[in-house]
Amino acid sequence: MDKEEMLSQVKTRNGINDALQDAVITDIISDVEAQVLDYIEQDEVPNKAVWIVKNAVLAAFVRTGAEGVKSDSEEGKAQAWDSNDLIKDFKSYLDKYKPSTEIKSGGVVEFLP
């Protein structure tokens with residue numbers, strides 16, 4: 001999914017009908033993609049992992065303006081965040097896209113007496 005399509009989907013999910021926040025959302029998309037790519041040690045987000053980027057962008061967008069804040073309460077509604085790691089909640093899903101560190105053997109060794 002390209003950035004324009006993701007931008008459109010994030011705006012739709014948030015009920016945004018204008019372009020006033022496009023630059024902010026696009027910047028968040030870039031940050032999340034960079035974190036995902038760094039974590040999985042790849043050059044491109046796998047198609048099956050695009051939903052992770054989108055959901056992390058949505059979570060980060062909701063938090064825009066409250067970066068560095070650990071909790072917020074307004075009119076009886078409280079929110080708490082435990083880190084600024086945008087992909088923290090998705091790392092267990094992303095682990096399968098990381099390169100394997102296992103050393104694989106291709107043969108059998110037989111010791112003779």
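A crossing of two helices is left-handed if the near helix is turned anticlockwise from the far one by less than a right angle, and right-handed if clockwise. With that in hand, welcome to this predicted model, where local features need pLDDT of at least 70, side-chain atom pairs count only at pLDDT 80 or more, and totals for chains, interfaces and linings use all residues. Residues are numbered from 1 along each chain as its sequence is written, and side-chain values use heavy atoms, with hydrogens and water left out.

**Overall make-up**
- The protein has four helices and two strands, taken as DSSP runs (helices H or I, at least four residues; strands E, at least two) numbered from the N terminus.
- Starting at the N terminus, the order of elements is α-α-α-β-β-α.
- Of the 113 residues, 28% are buried, meaning under 20% relative accessible area with a 1.4 Å probe, protein chains only.

**Helices α1 and α3**
- The axes of α1 (residues 3–13) and α3 (residues 50–62) come within 10 Å and cross at roughly 50°; axes are lines fitted to C-alpha atoms over the stretch in contact, with angles from 0 to 180 degrees between N-to-C directions.
- This crossing of α1 and α3 is right-handed.
- Met6, Gln9, Val10 and Arg13 of α1 meet residues of α3 including Val53, Val57 and Leu58, where contact means heavy atoms within 4.5 Å.

**Helices α1 and α2**
- The axes of α1 and α2 (residues 22–40) come within 10 Å and cross at roughly 115°.
- The crossing of α1 and α2 is right-handed.
- Among the residues making this contact are Leu7 of α1 and Ile25 and Ile29 of α2.

Definitions and conventions
Buried < 20%, exposed > 50% of the residue type's maximum accessible area, 1.4 Å probe, protein only.
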